[in-house]
Amino acid sequence: MVVPYLLVFAIFVLYPVGYGLWLARHPESYSKLFDDPIFFRTAINTIVFVVVAVNVKMIIALGLSGFFVQQRWWIKILSMLFILPWAVPSIPTILSVRFMLNPEWGVINSTIFKLTGLDGPNWLNDPTLALSFSMLMHIWKSLPFWTLILIAGRMAIPAEQYEAASVDGATRWQKFRFISWPAMRSLFFTSTILSMIWTLGDFNSVYLLTGGGPADLTHVLATLGIRYLRLDQIELAMASIVVALPLVLPLVYVMMKRLSK
């Protein structure tokens with residue numbers, strides 16, 4: 001009974017991973033990779049992307065979960081609208097934002113010109129701005145999912161605890177500090193770790209918006225392999241993926257350890 005599952009696992013998991021490691025087996029590939037200045041810029045971009053995007057996203061999700069958990073009819077309507085960015089496909093939404101940021105005919109610069117008579121900036125031609133917009137796209141796209149997860153955590157807390165706290169005169173902050181946060185802390189940290197793993201593998205937010213540009217200065221590890229594939233350097237492409245494993249594997253280990261408790 002187990003054999004079909006083992007075959008699927010071997011064909012679609014073990015073989016691709018093993019073949020990728022085999023392609024990246026040569027030490028010269030890593031020497032060339034580390035000699036490429038784009039790689040170090042990519043590593044810094046990846047760290048900044050993960051640290052900033054994950055923390056901002058999870059803190060906002062924690063706050064919004066307290067807002068959307070309220071039982072009011074208009075909040076239910078807002079929650080349905082809020083879920084849309086996560087529900088719609090990534091490609092058309094991110095490309096739409098890219099078109100909006102076009103310096104010549106994008107709606108943002110067109111609006112700036114109509115209101116001020118001045119030309120707007122070339123948003124995606126500045127590496128800092130381009131990476132910032134990529135992080136904003138990632139936060140905008142994935143925020144609803146993590147908000148829903150934390151809403152589920154809040155809904156699992158017995159309402160009687162909040163009622164008793166209200167009778168005792170507790171403020172909203174005290175309710176969060178002494179009731180909500182202790183009950184949700186484990187879920188929040190587990191979600192944060194899982195979000196870090198997914199963010200490390202986020203390809204769409206960067207590649208669809210900036211393509212790694214300008215001048216390959218906004219690549220992250222999830223998109224760097226495409227650069228080498230375009231240069232017909234498949235060994236470097238696989239090596240750029242393998243060097244990300246020291247970042248991913250500890251997170252996977254911590255997450256599995258927390259889930260096993």
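Reader: Where does serine 29 lie?
Author: In this predicted model, serine 29 lies in helix α2, which covers residues 27–35.

Reader: Is serine 29 buried or exposed, and why?
Author: Serine 29 counts as buried because its relative accessibility is 7%, and buried means under 20%.

Reader: Which residues is serine 29 in contact with, leaving aside its neighbours within four places in sequence?
Author: Serine 29 is then in contact with Glu235, Leu236 and Ala239.

Reader: At what angle do helix α11 and helix α12 pack?
Author: Helix α11 (residues 221–230) and helix α12 (residues 234–242) pack at about 175°, and their axes are 7 Å apart. Helix α11 is therefore roughly antiparallel to α12.

Reader: Which residues make the contact?
Author: From α11 there are Leu221, Leu224, Gly225, Tyr228 and Leu229, and from α12 there are Ile234, Leu236, Ala237 and Ser240. Of the residues in this contact, seven are nonpolar, two are polar and none is charged.

Reader: Turning to the rings, how many aromatic pairs are found in the whole structure?
Author: The search finds 19 aromatic pairs.

Reader: Where do tryptophan 173 and phenylalanine 176 lie?
Author: Both lie in helix α9 (residues 172–200), three residues apart, which is about one turn of the helix. Tryptophan 173 is exposed, with a relative accessible area of 55%.

Reader: Which residues form one aromatic cluster with Trp173?
Author: Trp173 forms one aromatic cluster with Phe176, Trp181, Phe188 and Phe189.

Reader: What sits over the ring of tryptophan 22?
Author: The charged end of arginine 25 does, at 3.9 Å from the centre of that ring.

How values were computed
Residues are numbered from 1 along each chain as its sequence is written. This is a predicted model: local features need pLDDT of at least 70, side-chain atom pairs count only at pLDDT 80 or more; totals for chains, interfaces and linings use all residues. Side-chain values use heavy atoms; hydrogens and water are left out. Helices (H or I, at least four residues) and strands (E, at least two) are DSSP runs, numbered from the N terminus. Buried means under 20% relative accessible area, exposed over 50%, partly exposed in between (1.4 Å probe, protein chains only). Contact means heavy atoms within 4.5 Å. Axes are lines fitted to C-alpha atoms, for helices over the stretch in contact, and angles run from 0 to 180 degrees between N-to-C directions. Angles under 35 degrees count as roughly parallel, over 145 as roughly antiparallel, 65 to 115 as roughly perpendicular and the rest as oblique. Ala, Val, Leu, Ile, Met, Phe, Trp, Tyr, Cys and Pro count as nonpolar, Asp, Glu, Lys and Arg as charged, and the others, Gly among them, as polar. Rings of Phe, Tyr and Trp (its six-membered ring) pair if their centres lie within 6.5 Å; planes under 30 degrees apart count as stacked, over 60 as edge-to-face and the rest as tilted. A charge sits over a ring if NZ of Lys or CZ of Arg is within 6 Å of the ring centre and within 35 degrees of the ring normal.
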